[in-house]
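This report covers one protein chain.

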Amino acid sequence: MNAPQEHPETQAESRDDLLTIGAMASACGVTVRTLRYYEEMDLIGPVRRTAGKYRLYNERSLKRIKAIQALQDLNYSLEQILEVLGPYTQALSYSKEERIAATRESLNLQKQLIDGKLVSLRKTQQEIDDRMKLLDDVCEPCYDKEPARNCHDCCEYRDIHLN
């Protein structure tokens with residue numbers, strides 16, 4: 001069985017600069033199982049393994065996990081995130097220049113996704129504001145009072161206020 005390929009960036013890193021899978025999970029606020037699942041999906045991978053086969057991660061790994069979490073917060077599936085970030089193992093074979101170009105492309109795509117979500121959220125926010133204004137216009141007589149106690153018999157929404 002072949003040993004996992006080591007990232008070129010880790011060759012100069014000391015063991016003190018690396019985190020175990022448990023420490024990385026704690027730093028990211030996820031479970032060890034989550035990190036293993038990300039590895040199964042080729043979203044992340046250890047930059048090195050110890051002689052005892054323990055996974056070790058670096059600062060770049062932490063940033064990639066934070067990017068995954070940010071995209072998940074935008075309701076993107078892990079499959080969509082894999083498309084945006086690209087497979088982890090693919091990056092192992094890239095030269096430094098290719099990794100920089102791929103990172104730039106990934107960041108631009110992430111920015112486009114976020115911009116699209118912002119447009120959608122602003123539209124939803126405007127729709128809510130419009131509905132609130134309509135509600136205020138419809139029920140103006142009760143707006144400034146405590147409806148449960150002071151709702152007038154003439155208010156057609158009296159039953160709603162009393163519930």
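What covers the buried residues of α4? The cover includes α2 (32-40), α3 and α6, where contact means heavy atoms within 4.5 Å. Helices (H or I, at least four residues) and strands (E, at least two) are DSSP runs, numbered from the N terminus.

The model is predicted, so local features need pLDDT of at least 70 and side-chain atom pairs count only at pLDDT 80 or more, while totals for chains, interfaces and linings use all residues. Residues are numbered from 1 along each chain as its sequence is written, and side-chain values use heavy atoms, with hydrogens and water left out.

Leu78, Ile81, Val84 and Leu85 are the buried residues of α4. Down the axis of α4 these buried residues fall within an arc of 110 degrees, so they line one face of the helix; the arc is that of the directions from the helix axis to the C-beta atoms. An α-helix has 3.6 residues a turn, so residues three or four places apart point the same way. Gly86 follows α4 and has a positive phi, near 80 degrees.

## Ser106

Ser106 is placed in helix α6. Its relative accessible area is 8%, so Ser106 is buried (buried is under 20% relative accessible area, exposed over 50%, partly exposed in between; 1.4 Å probe, protein chains only). Apart from neighbours within four places in sequence, Ser106 is in contact with Val84 and Leu85, both of which are among the buried residues of α4.

## The largest pocket

The largest pocket holds about 520 Å³ of space. Of its 21 lining residues, the closest to the centre are Arg64, Leu85, Ala102, Thr103 and Ser106. On a 1 Å grid over the protein atoms alone, a pocket is an open set of points where a 1.4 Å probe fits, with protein on both sides within 12 Å along at least five of seven lines; lining residues have an atom within 4 Å of a point. Grid points are joined across faces, edges and corners, and a volume is the space filled by probe spheres set on the points.

At least two lining residues come from each of α3 (59-73), α4 (78-85), α5 (88-92) and α6 (96-138). The largest share, eight residues, is supplied by α6. By class the lining has nine nonpolar, five polar and seven charged residues (Ala, Val, Leu, Ile, Met, Phe, Trp, Tyr, Cys and Pro count as nonpolar, Asp, Glu, Lys and Arg as charged, and the others, Gly among them, as polar).

## Salt bridges

The whole structure has four salt bridges, each a side-chain nitrogen of Lys or Arg within 4 Å of a carboxyl oxygen of Asp or Glu. One of them joins Arg49 and Glu39 (3.3 Å, N to O). Arg49 lies in strand β2 (residues 48-49) and Glu39 in helix α2, so this pair ties together parts that are 10 residues apart in sequence. Glu39 also meets Arg55 (2.6 Å, N to O); Arg55 is in strand β3 (residues 55-57), 16 residues apart from Glu39.

Another salt bridge pairs Lys111 with Asp115, with the closest N and O atoms 3.3 Å apart. Both residues lie in helix α6, four residues apart, about one turn of the helix. Asp115 is partly exposed at 34% relative accessibility.

## The chain overall

The chain has nine helices and three strands. Of its 163 residues, 31% are buried.
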